[in-house]
Amino acid sequence: MIGLGGGLELGGRSFHYSLSPANTANVRPHEIFPAPLIWLGGELYPAAMTDVPFVRDLGIEAAYAVAVGVDATSSDGRTFGTSWNRLLVGLRYRIRTSDAEGSMIGLGLGYGRSAFAVEPEDEAATNIAGEVATVDYEYLRLAGDLRIPIGSVSLLADVAWLAVVSAGEVYERFTPANRGTKGDASIGGVQLAAGLGVELTAGVELTAVFDYYRFFYAFSPEPGDQYVAGGALDQIFGIRFGVQYAY
């Protein structure tokens, strides 16, 4: 009926522009690893104790992660405070392939947000911070997941398509409204995850999961644009360690 989990994640990020047709100094790549994040998550199936078909396996899921003590350093040695958080809320439907101890497939539809921002502490730093990869992704998430138990160990997998509806500062730099010219920009995203769960006792499990987000941009720069790049690739990844309880 209910599942709860939490733990530590070692997160990373690699953001790079494809600098075509020309290079400009005001578009900067960004790399970070490892960054510690605290994560919490849960699922609730309100009708799980009933015998009502379909409804008994329809639930609500939510997850949240936030980075702690993360800074970014520029090439000239300046340090910037950095905020990084991730949110997911949505519906999940589980499909039992056999009995309660057998493999399980999950289907999810929800709202997600992943925000990464640099926080300058002085005017000089503000000028640089305006050029780095500050993003605020909001997206609809269509997902499928799989759980395969093998004795006390379970194999975990997850794949999702992320329909991005808002992306924040990086995307806005290359949109027609900011450039004042005709053209377009596009963005899409996918998420992949794979891991293991090890049962400690009935209902309690240790987990280790590798999580990977890939956001890909395409831009249409024109002569005279302030920012020039053919596209960009934002890869966000992490290794989550935690404990989960199910009842």
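In this predicted model, the side chains of arginine 13 and aspartate 234 are joined by a polar contact of 3.0 Å. Arginine 13 belongs to strand 1 (residues 2–18). Because its relative accessible area is 0%, under the 20% limit, arginine 13 counts as buried. Leaving aside residues up to four places away in sequence, arginine 13 touches Asp234 and others, including His30, Glu31, Phe116, Val135 and Phe237.

Aromatic pairs number 13 across the whole structure. Two of them are listed here.

| Pair | Centre to centre | Angle between planes | Type |
|---|---|---|---|
| Phenylalanine 15 and tyrosine 217 | 6.2 Å | 70° | edge-to-face |
| Phenylalanine 33 and phenylalanine 237 | 5.8 Å | 35° | tilted |

Phenylalanine 33 is in strand 2 and phenylalanine 237 in strand 11 (residues 231–246), so this pair ties together parts 204 residues apart in sequence. Phenylalanine 237 is partly exposed, at 23% relative accessible area. Phenylalanine 15 is buried at 0% relative accessibility, and tyrosine 217 is buried at 7%. Ring pairs also link a cluster whose members include Phe15, Tyr137, Phe174 and Tyr217.

Two arginines sit over rings. The charged end of arginine 94 is 3.7 Å from the centre of the tyrosine 45 ring, and that of arginine 240 is 5.6 Å from the centre of the tryptophan 39 ring.

Two backbone features remain. Most residues other than glycine have a negative phi, and most peptide bonds are trans. The bond from phenylalanine 33 to proline 34 is cis, with omega near -10°; proline 34 lies in strand 2 (residues 30–44). Phenylalanine 54 has a positive phi, near 65°, and is found in the loop between strand 2 and strand 3 (58–67). With 49% relative accessibility, phenylalanine 54 is partly exposed.

Technical notes
Residues numbered from 1 in each chain as written. Predicted model: local features only at pLDDT ≥ 70, side-chain atom pairs only at ≥ 80, totals over all residues. Heavy atoms only, no water. Helix = DSSP H or I, 4+ residues; strand = E, 2+ residues; numbered from the N terminus. Buried < 20%, exposed > 50% of the residue type's maximum accessible area, 1.4 Å probe, protein only. Polar contact = N/O pair within 3.5 Å; in protein donor to acceptor, adjacent residues only side chain to side chain. Contact = heavy atoms within 4.5 Å. Phe/Tyr/Trp six-rings, centres within 6.5 Å; stacked < 30°, edge-to-face > 60°. Lys NZ or Arg CZ within 6 Å of the ring centre and 35° of its normal.
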